[in-house]
Amino acid sequence: MVSKSQVKRFKPSKSNRYDDKIKRIKLKVRSEIDLFKWQRFNFHLNDYWIDPYLDSLARIDYRYVSKKEFVERFEAKNIPVVITHVTDEWKANKHWTNEYLLENYGSHLFKVGDDDKNNNVYMKMKHFLYYSHNEGLKDDSPLYIFDSGFYKSRNKSTSKKKQRSLLDDYKVPRYFNEDLFKLTGARRPPYRWLVIGGARSGTGIHKDPLGTSAWNSLIRGHKRWCLFPPATPKEVYDPPMKPYDHEGVSWFDQVYPKFKIKDKNDGRTLGEKLGMIEVLQKPGETIFVPGDWAHVVMNLDFTVAVTQNFCSSTNAEWVYLQTRHTRPKLGQKLFREIQKLGRDDPSTYGNTAALLESTQFIPQLPPSSSGSSSGSSSTSSSSSTSSNSSNNDSSVQKPGSSGKKPRKRKILVSSTDSETDLSDGTCMCKKCKIKRKYKKRKA
């Protein structure tokens with residue numbers, strides 16, 4: 001008989017238990033990659049830091065530039081910009097440290113990706129921090145928290161008050177406080193994310209969904225960005241990268257160098273000809289990314305940030321046209337609510353309502369059924385394929401020997417909302433996942 005002391009002696013160490021949990025999560029998030037191939041390209045041996053002189057994006061001071069000036073100079077002209085001093089008074093500066101997150105959210109679950117069935121994969125903060133400062137230091141594209149439900153209660157023992165405090169740790173900048181998508185109510189897609197990850201984690205090249213613009217405020221660490229104007233052909237900025245995956249680090253390693261090759265005739269690089277913008281985002285800086293700008297992001301060290309997508313009066317026309325094309329019902333709801341706002345408050349929203357009314361003469365294209373990279377992708381971030389599922393996604397109660405009728409099939413989907421829509425407009429919320437699986441079964 002084995003004594004208690006012997007059982008205790010053979011009990012796995014804390015690090016071994018953490019390593020086992022991390023392995024299981026890796027297999028769920030990236031089932032196509034063998035556990036031994038997460039470091040196959042040895043990206044951790046390369047230096048991806050950007051030379052400061054390459055960062056030529058304009059910077060404005062949040063303390064002195066009014067919202068009106070920001071809209072006129074940048075949002076209305078669809079021009080990206082870096083904004084300084086937005087986060088000066090945020091509690092996140094004090095709270096979003098490893099020590100604070102470990103102490104207050106160590107057992108709280110955060111999303112780090114999707115499995116093969118498009119179900120969310122979660123990881124406890126204590127496991128994620130352990131991973132990020134150990135095995136994650138050498139992984140080619142490390143696991144990455146990209147969670148739109150970071151304020152939700154996923155642990156029975158965690159109080160709602162504590163979760164709410166993450167939302168209380170930051171404040172939406174006044175430039176972006178107009179939030180027309182909230183008018184759509186329950187149909188509203190995910191729009192805000194807590195973003196945490198180590199060096200080489202990040203998002204692959206993509207455009208944000210439904211034509212929305214975005215802002216990203218960095219609390220800790222440094223991020224490297226490349227942005228491309230709307231007219232840039234997709235095949236130029238997003239070419240096939242096999243055998244490499246669609247991660248940010250793969251793009252910077254394999255695709256970025258071609259944009260630095262100079263033309264022998266005029267001496268300009270391909271990036272300069274296309275209007276490519278490079279940015280080194282520093283702690284405390286907020287970057288504004290206009291709608292329809294393709295962008296790729298890679299963390300250069302351990303970073304903590306918050307980001308939101310938005311629809312304002314300025315970009316409402318473009319967002320509506322994109323939404324009408326890819327999410328017709330959501331587009332109809334947005335249109336109706338803005339028209340109502342125009343009637344109730346004509347001085348503020350009358351012009352926006354009239355602008356959307358005029359778009360009714362623009363022919364509507366049928367919703368796209370093709371898959372592409374998501375608005376906020378990563379292994380890291382969010383899913384990059386459509387929510388197609390096999391028949392194995394459903395569980396069937398087979399008839400027993402007693403001759404009783406089989407139970408009704410149960411649809412299995414993620415227990416919580418998925419984190420983002422796909423760029424073709426496919427809604428990834430729990431309700432829509434169920435509808436698609438029922439349709440597939442009837443087909």
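1. Ground rules. The model is predicted, so local features need pLDDT of at least 70 and side-chain atom pairs count only at pLDDT 80 or more, while totals for chains, interfaces and linings use all residues. Residues are numbered from 1 along each chain as its sequence is written, and side-chain values use heavy atoms, with hydrogens and water left out.

2. Overall make-up. The protein chain has 14 helices and 15 strands (DSSP runs numbered from the N terminus: H or I of at least four residues for helices, E of at least two for strands). Of its 443 residues, 50% are buried (buried is under 20% relative accessible area, exposed over 50%, partly exposed in between; 1.4 Å probe, protein chains only).

3. Contacts and surface. Take the contacts with a separation of 6 or more: 78% of them are between residues 24 or more positions apart (contact means heavy atoms within 4.5 Å). The accessible surface is about 22,400 Å², and carbon and sulfur atoms hold 52% of it (Shrake-Rupley method, 1.4 Å probe; for residues, only the protein chains shown count as cover).

4. Glu285 and Arg59. There are 19 salt bridges in the structure (a side-chain nitrogen of Lys or Arg within 4 Å of a carboxyl oxygen of Asp or Glu). One of them pairs Glu285 with Arg59, with 2.9 Å between the closest N and O atoms. Glu285 sits in strand 11 and Arg59 in strand 1, so this pair ties together parts 226 residues apart in sequence. Glu285 is buried at 8% relative accessible area, whereas Arg59 is partly exposed at 31%.

5. Arg188 meets Asp179 at 2.7 Å, closest N to O, and Arg188 is buried at 18%. Lys260 pairs with Glu278 at 3.0 Å; Lys260 comes from the loop between helix 9 and helix 10, and Glu278 from strand 10, so parts 18 residues apart are tied together. Glu278 is buried at 4%, and Lys260 is partly exposed at 33%.

6. The positive patch. Lys14, Arg17, Lys21, Arg24 and Lys28 gather on the surface as a patch of positive charge (residues with over 30% relative accessible area and no salt bridge, like charges joined within 9 Å, nonpolar side chains (Val, Leu, Ile, Met, Phe, Trp, Tyr) within 5 Å). Lys21 belongs to helix 2, residues 14–29, and is partly exposed at 33% relative accessibility.

How values were computed. Lys and Arg count as positive and Asp and Glu as negative; His and the chain ends are not counted. The place of a charge is taken as NZ of Lys, CZ of Arg, CG of Asp or CD of Glu.
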